[in-house]
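Please look through the sequence and the model below before reading on. The report that follows moves from the whole chain to a few selected places within it.

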Amino acid sequence: MRLAMKKENPSKQIAFLIEPNSTPLQDPTQLQMDYAMGEITLVSIRKKDPDGRNDLLFCVIELLPRWIEKGPEEAFAHRLGGSSDYTLHFRRVHFPVSEALRLYQDFRQKKTIQIPQLPDEIEKKEDTWDLECPPFGEEPAWPYLQCEPVGDYFWETSPFWGFRPGGVRRHQLIPIKNSHPLNLLNASERKKCRDWLLKMLHFDLESRPIHIGSCHLVLPNPLFSNVAGHFDNADRTKMHFRLMPCPGTDLSTLSIIFRELRPGGMGQIHTVSPNNNMFTVHFGYDPYMLGWDVVCSRRGVLFSSGPSMFIRSVHINLGIVTEARKVFVPDRDLTQIEEVYTTNVATSNSPIIVEGKGFPSGTIEIIKDIVEYDQKNKYAWQQDWFENVSQAKEKIRQLIGHATRLVRIVDPYLGLREFQSFALATTNTQVKIELLSSVKYLKDKKKSHDKENGEELLNHLEALSQARKINKVDVRVMSGNKPEIHDRFLIIDDHVWVLGSSLNEFGSRGTVMVRLPYPDILLFNIEKIWNDIKTKRLEEFVSSRKESRKGNP
């Protein structure tokens, strides 16, 4: 990247124009030298109707160097059940590099493209199909590539182009609309589709919805398979590195940029132009965390790593199991043995310590300060301890007041009083209020009250609704003498808190409220119980209770 200065008028400010480095996609000759062929893997879904619409589900166009084994050319079709109108199509086709790039350009620029054919399909002059593509957004801007860093957190769990030595560069076409053809499938078709795609693609397409309808251009590293480094055994101010070149490649165009991250921020940056594939870097001090980027003057960034720390000591506590303890658990009445389990017991421990040179004392003190600060402040908001009711009410009402879409309270002992005390703290009239209570509580009566708790809550909600003084409220009732959910939860939009006690006495004694960092599984299970056939709407529950009392006066 070059920085140029432009001065149009002495009275005006100086403008700086950034001229970006050339990109491999602007040099087809270099691509022809680096790669032997293009491999297209494409999945689509076709509906059986007069139009025969065929929608893109997923596509990868990968340019393969000579030393990467190509996959077999093949095509498969899979109908989603005998009565289904939908058929899945999978194909893998090889093209010259120039044709593969032209196809990717078609994906970028056209709404409809022709599905690439296999050689035998071309020979038999079979009809071609049009492929419908969604509107795409690009990442990064064309014609630039993004180098996938080693240990990349977003894509490492969905490596749909497989592991490539030396990493990959990529360009992506991402659908900018949430709707996709899989939403038209029923539950049975959706499951069959997901299972078949998993078998064909070797990753779960639906685990990352952003993949559905996407297209990816992938360029494996054409020069080397890895960069490995280690500290000098006697001097930690020096590191030895080794580039592992691919067959017949020239590494003279490479430079390596080393980035050091200190506990408190960015450290030093070092640039090295290695003379051969093995070289030593003299830092002059012991680096804390280190990352490196390998840049080619013709191809741009080829490899990115870190920053990561280095092992300075290993502490292992080795326990030797000397006995097995058998434990007998009685039943609730303490009359007989209900359960027996065994646990292994280590009566001696042997510490094993392997230590090298540690951090400087100043570095250690800064690390300790950062850890202590994080523990006290950065993560403290995720948990609250309450010892009085007013403090607890204020906190919960404050959270509910921040809701923009949904407030859902799950509490087996939730009734009219709790609804008034908390649910009506919403400050946005568009927020939906959902309450999940239980038969056990709503069928009971308060002292000196004629009506059951459920009926009183329903009457109260109807009165508020008629007066138009309430958000949209949906109350559901878990069946059975023991509700399916024991714990208490507060759900604000997509955030979830676990409550240490029911809201009817929350904060009256020492209790805690903890926000869950990854609540997806919990939300899924609560939603399943919310929609379960055994979970009744409040209106239905109250009506059935009245009918049962008529039969048993």
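Predicted model: local features only at pLDDT ≥ 70, side-chain atom pairs only at ≥ 80, totals over all residues.

Residues are numbered from 1 along each chain as its sequence is written, and side-chain values use heavy atoms, with hydrogens and water left out.

**The whole protein**

The protein has eleven helices and 29 strands, where helices (H or I, at least four residues) and strands (E, at least two) are DSSP runs numbered from the N terminus. Of its 553 residues, 41% count as buried; buried means under 20% relative accessible area, exposed means over 50%, and partly exposed lies in between, with a 1.4 Å probe and protein chains only. The protein exposes about 32100 Å², of which carbon and sulfur atoms supply 51%, the areas coming from the Shrake-Rupley method with a 1.4 Å probe, and for residues only the protein chains shown count as cover. Among the contacts in the protein with a separation of 6 or more, 68% are accounted for by residues 24 or more positions apart, a contact being heavy atoms within 4.5 Å.

**Strands that pair**

Four strands make an open sheet in the order β16-β15-β18-β19, with antiparallel pairing; two strands pair if DSSP finds at least two bridges between them. The edges are held by β16 (265-272) and β19 (300-309), and each has a single partner strand, so one side of each is left without a neighbour in the sheet. On average, neighbouring strands of this sheet are turned by 15 degrees against each other, direction ignored; the axes are lines fitted to C-alpha atoms, for helices over the stretch in contact, and angles run from 0 to 180 degrees between N-to-C directions.

Leu254 stands opposite Cys296 in β18, and Phe76 has Phe90 in β6 as its bridge partner. Strands β5 and β6 form a hairpin with six residues between them, and Gly81 in the turn has a positive phi of about 100 degrees.

**A helix**

Helix α9 (residues 453-466) has 14 residues and reaches 20 Å from its first C-alpha to its last, close to the 20 Å expected at 1.5 Å a residue, the expected span being 1.5 Å times one less than the number of residues. Its buried residues include Leu457, Leu458, Leu461 and Leu464. After α9 comes Arg468, whose phi is positive, near 55 degrees.

**Two buried side chains**

Is Glu206 buried or exposed? At 16% relative accessibility, Glu206 counts as buried, and its place is in the loop between α4 (187-201) and β12 (214-220). The side chain of Glu206 makes a polar contact with the side chain of Arg190 at 2.8 Å; a polar contact is a pair of N or O atoms within 3.5 Å, where within protein one must be able to donate a hydrogen and the other to accept it, and residues adjacent in sequence count only if both atoms are side-chain atoms.

Arg408 is found in strand β23 (residues 406-410) and is buried, with a relative accessible area of 6%. Its side chain makes a polar contact with the side chain of Glu434 (2.5 Å).
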